[in-house]
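Biologist: Please bring up the model. I would like to go through confidence, charge pairs and surface.

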Amino acid sequence: MEDGSFVRLLNSIRKVGIIEPVAVREKDGKYEIVSGQRRVYAAEILGMRSVPAIVYEVNDDEAAILTADSNLTFGEVEE
C-alpha cells in the first residue's frame, strides 16, 4: 500500500491536510469507510485523530458500487 502514489498522498496530507472528505456510512452503530481508506491510513500514520467525512445513507449494494467506483476513478488518474 505504501507505493509512490501513497507517499505523494502522505506528503500532500502532511503539507495541506485532507482536502477531499472520505465517504462513510453508519452500520451497526459505527461508521464504515466506503471511500477514502488510503486517506484514513495516511492520516493515522501522521497521527491525525480525525478526518473530514460525509455520511451517506446507502445499503450494502450501493456501498459496494461507491467503493468500486472510487477505486476505478483512482486507478484511471495518471500524472
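Modeller: The mean pLDDT of the protein chain is 87, and 86% of its residues reach 70 or more. pLDDT is the predictor's confidence in each residue, from 0 to 100. This is a predicted model, where local features need pLDDT of at least 70, side-chain atom pairs count only at pLDDT 80 or more, and totals for chains, interfaces and linings use all residues. Residues are numbered from 1 along each chain as its sequence is written, and side-chain values use heavy atoms, leaving out hydrogens and water.

Biologist: In which helix is confidence lowest?

Modeller: Helices (H or I, at least four residues) and strands (E, at least two) are DSSP runs, numbered from the N terminus. Strand 3 (residues 53-55) has the highest confidence, at 96. The lowest, at a mean of 74, is in helix 3 (residues 60-76).

Biologist: Is Arg 25 buried or exposed?

Modeller: Buried means under 20% relative accessible area, exposed over 50%, partly exposed in between (1.4 Å probe, protein chains only). Arg 25 bridges to Glu 32 at 2.5 Å, N to O. Glu 32 is partly exposed, at 30% relative accessibility. Arg 25 has 6%, so it counts as buried.

Biologist: How many residues apart are Lys 27 and Asp 60?

Modeller: Their side chains meet in a salt bridge of 3.7 Å, N to O. Lys 27 is in strand 1 and Asp 60 in helix 3. The separation is 33 residues.

Biologist: Which residues form the nonpolar patch on the surface?

Modeller: Patches are made of residues with over 30% relative accessible area and no salt bridge: like charges are joined within 9 Å, nonpolar side chains (Val, Leu, Ile, Met, Phe, Trp, Tyr) within 5 Å. Tyr 56, in the loop between strand 3 and helix 3, has a relative accessible area of 38%. The members are Ile 54, Tyr 56 and Leu 66.

Terms used:
Accessible areas come from the Shrake-Rupley method with a 1.4 Å probe; for residues, only the protein chains shown count as cover. A salt bridge is a side-chain nitrogen of Lys or Arg within 4 Å of a carboxyl oxygen of Asp or Glu.
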